[in-house]
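Trainee: Could you take me slowly through one part of this model, namely how its chains touch one another? I would like a careful account that I can follow on the structure itself.

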Amino acid sequence: MIPLYWFLVLSAILFCIGLYAVITRRNTIAILMGIELMLNAANINLIAFWRYLYAGSNLDGVIFALIVFAAAAAEVAVGLGLILSAYRSKETIVANDLDTLKG
Amino acid sequence: MTTMQLIFLITAAVTIFAGVMMVSVRKLLHAALWLILVFFGVAVIFGLLEASFLVIIQIVLYIGAIAILIVFAIMLTQNAIDDTYQTSRRWLVTAVVAVIALAGILLALFTWPQGQALTSTLAGGQQDIAAIGLALLDPEGYLIPFEIASILLLAALIGGIYVGIEHKGEEK
Amino acid sequence: MIFIADPITFITTWLNSVLTGWGIPAIWVQFIMFILGAGLLALGAMIFTIGLIWLERKLGGRVQDRLGPNRVGPWGIFQTIADMLKIFTKELITPVGADKFLYNLAPLLAMAAVLGLWAVIPLSPTVFGTNINVGVLYLIGIGSIGELGIIMAGLSSNNKYALLGGFRAVASLLSYEVPMAITLLIPVMLAGSMGLNDIASAQKVAFIFQAPVAALVFFIAAIAENGRAPFDLMEADSEIVAGFNIEYSGLKFGMYYVADFLHAFTSAMIFATLFLGGWNGPGAEQYPALGFLYLLIKTALVYLLTVTIRFTVPRLRIDQMMAFAWKYLTPLALASLLVTAVVDKAAPAGQGLLRVALLIGANIVLFLIADRLVTLYRKQHEKARKVVSDDRPVPVAIRSTVVEEPEVNS
C-alpha cells in the first residue's frame, strides 16, 4: 500500500531535476535529455492519478501517457535532426552560439 | 512497511540519484547512460502502478529508440563541445530556482486537502491491453487524439527527413 | 508415467511440495523457484552453446569445402571446450583511454539481453518462464538492450575501428528493427494475443502457411539483427578488423562470442515459435516433453538454414544494406500487415481452411506484386547506370585434375 503522494513527490523531484538540466546545460543534446526527464515525470503523475482515482472507470490517464510517448518520440526525432543539421552547418551544438536570428 | 513500499523507496532513490548524476556529470555520454537508468526506474514505477503495458512501451520506446538516438547523436557530435564547458556559469542561480520550484510544488501538494488520504491497494496484476486497443479506436473514446498523434508522428517523420537531407548549393 | 510425459512439471511440483513441507512461506517458495528456474535455464542455454559453436564451425567447414574442427576428440567435438579453457586463462585487457565502467559493462549487457529472451519463449505447453501478456513487445525491448551493449562497446573502447563498428551497428540494428517489429505484429493479429505461449498454442495451422511473406521478412530481419553474414557489416573483419569488439580479450570477448551464437539460435527459436507452431505437433498436448522435442527440431531446421546462408552469401555494402531495409523490407512488411488485417476481417477465425487459403492467396499476390515492382525498379536503375569501362577478362584458375604423363618413346 503506497500512498499517492509518494509518487507525486518523486515526480516533482524528477521534474525539477529536468528543469535544472534544461536551464543549465549548454549542450543542446543535454537540453533534450532534460526535456525527456520532465516528460517522464509528467507521465508518472498521469499514471499515478489514473491508478488511484479512475482505474475502475476509464482509461484517460493511460491514453494521455501514450500520447505523451508519441509526442516525446516525435520531439526527439525532429530535435536531434535539427541539432545534427545545425552541427553540420555551424560546427557547434552549444545553445548560446546558435544565435543567427539575434538582432 | 510492506514489500511494495520498500521496492518503491529503493526505486525512487535510484531514480533520483541517477537523475542528479545525469545533470551533474561532465561527460555527456555518461549523462546519457544515467538517463537510461532513470528510464528504467520510471519503468519500474509504472510496474508498481500496475500499468504493465506502459512498462514495456517505456522500455521499447525510451530505451530502445530515444536513448539510442541520443547516444548516436552524441557519437556524431563528440568533439563539438569541450567536456569541461558543459554547464553554464550561472548554474547556482538555476539550482536555487529549481529548488524553489520544487518547494512550491511540494507545498501545493501537502496543502491539498484530500491528497494524503488517497490510498489504493495495489494487487499487482496484468493490465488489460485489449481494453486500451479498443478504447483507442472507439469513436466514442479516444479515436481523435489517436489520429492527431498519428498525424503528429507523420509530420515529425517528414520533418526529420527534410532536416536530415543535405541541401546542396543552399548553404553559404 | 507422468514423469516421462512432463518431467519438468513433475520435478517442479515435487520441489514445491518439499519446500512447502519445510515450512517456507508460499511467496518465498515461488521466489526460490523463479531464481532456480532462471538459473537453470540460463546455465542450460550457455552449456548448449558449447555444442552449438562446434556444430556451426563444423557445418561452416563442410559448406566451404573444409574439414572444420577435427583434432580434439572424435570429429573435433571437444574443440570448443579447449577454446573455452584458452579464453578463461587469457589476460583481461582494458585499453588505455577507455571508459572503464562502460567498457566492462557492455559485454554483460549483450549477454544478459540474449538470456533475457529465453524468459518468454514457451519451451513446451507447460514449461515457460512467464507468459506475460506483452511477450512480443518484450522481445523488442530486450533486443534493444542488446543493441545498447554493442553501441557502448564501440564507444568506450577508444579505438577508431570499434567506433566505426558502433556506428554501423546503430545504423543497421535500428533500421532492421523496423520491419522486424512490424512483422511481429502479424502473428499477434492472427493469434489475437501478444503472449508467446498463446501465439504458439493458436497455431493449429502454422503461421508460416498463413503469412509466408511476413515469415520471410522476419527471417531476413532476424539475421540482420544478429549481425550475421550477409549483414555482418558491424564486424566486417576485412574492413574494420573486428568492429565493436576489437579491444576485448579473454572472457569479455568470450561473452560477445557466446552471445552471438546464442542470439542466432534464440532467433531461430523465436522464428519457430512465431511462425512454425512452436511446440505444436501430434501428441504434444498429452506429452509436453514431446512438444519440447518438436520445438528443438523446428529450431534446428531454421538454425541450419541461417548457418548455410552465413557461410554461402557474400557481405553486402552498407548502402545496399540500408536501402534493403528501408526500400524493400519495410514497405513489404507494412503491405503484408495491411493485407493480413483485411483478410482477417473478411474471413474471421474459425472458418478453417477457407481462411488459410485466402491468406495464402493474398500473400502470393502480394509477393508477386512486390517482385514485379522490384524488377521494374531494377530495370530502370540499370538504364541509368553509367558505363565506366569495358568488361575486363576475369582471371580464372584452371585446375587440371589429370596430370599428363610425358609420352615415352619406345
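Mentor: Begin with the contact between chain B and chain A, to which chain B contributes 72 residues and chain A contributes 59 residues, and keep in mind throughout that this is a predicted model. On the side of chain B that touches chain A, the elements that each supply two or more residues are α1 (3–24), α2 (28–48), α3 (52–76), α4 (91–111), α5 (129–136) and α6 (143–164) of chain B.

Now turn to the place where chain B meets chain C, where 14 residues of chain B are in contact with 17 residues of chain C. Here α3(B) gives the most to the side of chain B that touches chain C, with 11 residues, and the residues of this side divide into 11 nonpolar, 3 polar and no charged.

Staying with chain C, look at how two of its helices pack: helix α3 (residues 26–63) of chain C and helix α4 (residues 79–89) of chain C meet at an angle of about 115°, and their axes are 8 Å apart. Because angles of 65 to 115 degrees count as roughly perpendicular, α3(C) is described as roughly perpendicular to α4(C). The crossing of these two helices, α3(C) and α4(C), is right-handed. On the α3(C) side the contact is made by C:Ile50, C:Ile53 and C:Trp54, while α4(C) brings C:Gln79, C:Thr80 and C:Ile81; the residues of this contact comprise 4 nonpolar, 2 polar and no charged.

Conventions:
Residues numbered from 1 in each chain as written. Chains lettered and ligands numbered in written order. Predicted model: local features only at pLDDT ≥ 70, side-chain atom pairs only at ≥ 80, totals over all residues. Contact = placed C-beta atoms within 7 Å. Helix = DSSP H or I, 4+ residues; strand = E, 2+ residues; numbered from the N terminus. Axes fitted to C-alpha atoms, helices over the stretch in contact; angles between N-to-C directions. Parallel < 35°, antiparallel > 145°, perpendicular 65-115°, else oblique. Left-handed = near helix turned anticlockwise from the far one by under 90°. Nonpolar A, V, L, I, M, F, W, Y, C, P; charged D, E, K, R; others polar.
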